[in-house]
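Take a guided walk through one protein model. Have the sequence and the 3D view at hand.

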Amino acid sequence: MFTIEAAELLVVRLPLKFRFETSFGVQTEKVVPLLVLHGGGVQGVSEGTMEFAPMYREETIAGALHLLREVFLPRVLGRPFANPEALHDALGSFRGNRMARAMVEMAAWDLWARQLGVPLGQLLGGRKDTVEVGVSLGIQPDEAATVDVVRRHVEQGYRRIKLKIKPGWDVQPVRAVREAFPDIRLTVDANSAYTLADTGRLRALDAFGLTYIEQPLAWDDLVDHAELQGRLSTPLCLDESVASAQDARKGLALGSGGVVNVKVARVGGHAEARRVHDVAQAFGAPVWCGGMLESGIGRAHNIHLSTLPNFTLPGDTSSASRYWEKDVIEEALEATDGLMPVPQGPGTGVTLDREFVSRVAEVQEEFRA
Ligand code: OSB
Ligand code: MG
């Protein structure tokens, strides 16, 4: 049993060290909502991965703050729960808004794991000490810059390179990178920028030995992805269009793809992420852990989730120092030779840098049972 005695909602703004261009547009900073839950003398912390505008999925930071303040926190504060899954069920009657609900669920997993004195990954059923990681590289100004940024990350040992693509920026950069690096594990991510009318362009990518093509079609589509998959030899990987284990089952049963990108917050938290992992495993489909440019808090959650056995492809959880001059946690989360060590100790094993966070926070609110 655990009871959430108090909660803190914090919002910090972090400048990104690189310009991140995708088919959505350009990103140069990250607004990070953090939730701290207190209970039994310890605290659990989570990060929201929704954004200012509903570009990736439908959720927004403003919407999440409203729901946490007015709906979700009042529902869970002061109530005893047998485990984080019971807390998840208490929020289960609400529709959508999985990233906002995941903030409560993920912080509860961290709190619960700390109360039990067990690393989060172990509590979820994971067994690894390190997890394999790759990088997600934004759209570059030209082919030379693309090959250059790939070279720098290959030299750092990342186990997979993912290139962001969009119509008009796809075959050329992929060909240039494949010619320069014939043997690397290479993938592309379109963030829903194509339609079935682009089938010819996407088929041209079959020539480059990509491990998968991530989310080429609409964010809420499974049917057209199945049609496209029938016309391509490269496996499709579903990201945006899997919000639950049921979505994963439907997508894999329809043949909408052969690989699933699991983002813990997108599907509503660790319990549902584990169910997505299990469904994919039953279909013989590998999964990998996606990223949303997280601060150290979300990054640590991703690393622990990635210790489950069917995470057999490298994830997007690259070194925190790629993203931030100053992270919100005290520990460094750094990959060596493409291997990210799983933080040791109870829960996520990372510690909020309170001094830094209270200095830069734009929102700092407390809630009591
Ligand atoms: O589609 O995987 C995506 C970042 C923001 C929104 C969507 C995506 C991404 C990334 C970056 O690819 C992954 C990372 O480095 O965290
Ligand atoms: Mg993606």
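Predicted model: local features only at pLDDT ≥ 70, side-chain atom pairs only at ≥ 80, totals over all residues.

Residues are numbered from 1 along each chain as its sequence is written, chains are lettered from A and ligands numbered from 1 in the order in which they are written, and side-chain values use heavy atoms, with hydrogens and water left out.

Start at the magnesium ion (ligand 2). Its protein donors are Asp 189 (OD), Glu 214 (OE) and Asp 239 (OD), at 2.1 to 2.3 Å. Donors are N, O and S atoms within 2.8 Å of the metal (3.2 Å for Na, K and Ca); water is not among the atoms, so sites may look incomplete. Along the sequence the donor residues follow the spacing D-x24-E-x24-D. Asp 189 belongs to strand S9 (residues 186-189), and Asp 239 to the loop between strand S11 (236-238) and helix H9 (245-254), so the pair ties together parts 50 residues apart in sequence. Helices (H or I, at least four residues) and strands (E, at least two) are DSSP runs, numbered from the N terminus. Asp 189 is buried, at 1% relative accessible area. Asp 239 is buried too, at 0%. Buried means under 20% relative accessible area, exposed over 50%, and partly exposed in between (1.4 Å probe, protein chains only).

Now turn to the rings. The whole structure holds seven aromatic pairs. Rings of Phe, Tyr and Trp (its six-membered ring) pair if their centres lie within 6.5 Å; planes under 30 degrees apart count as stacked, over 60 as edge-to-face and the rest as tilted. Phe 18 and Phe 20 pair edge-to-face, with 6.0 Å between centres and 70° between planes. Phe 72 and Phe 94 have centres 5.4 Å apart and planes at 50°, so this pair is tilted. Phe 72 is buried at 2%, whereas Phe 94 is partly exposed at 22%.

One aromatic cluster is formed by Phe 18, Phe 20, Tyr 323 and Trp 324. Arg 299 lies over the face of Tyr 323, 3.9 Å from the ring centre. A charge sits over a ring if NZ of Lys or CZ of Arg is within 6 Å of the ring centre and within 35 degrees of the ring normal.

Finish with the backbone. Gln 215 is not a glycine, yet has a positive phi of about 35°. Leu 293, also a residue other than glycine, has a positive phi near 55°.
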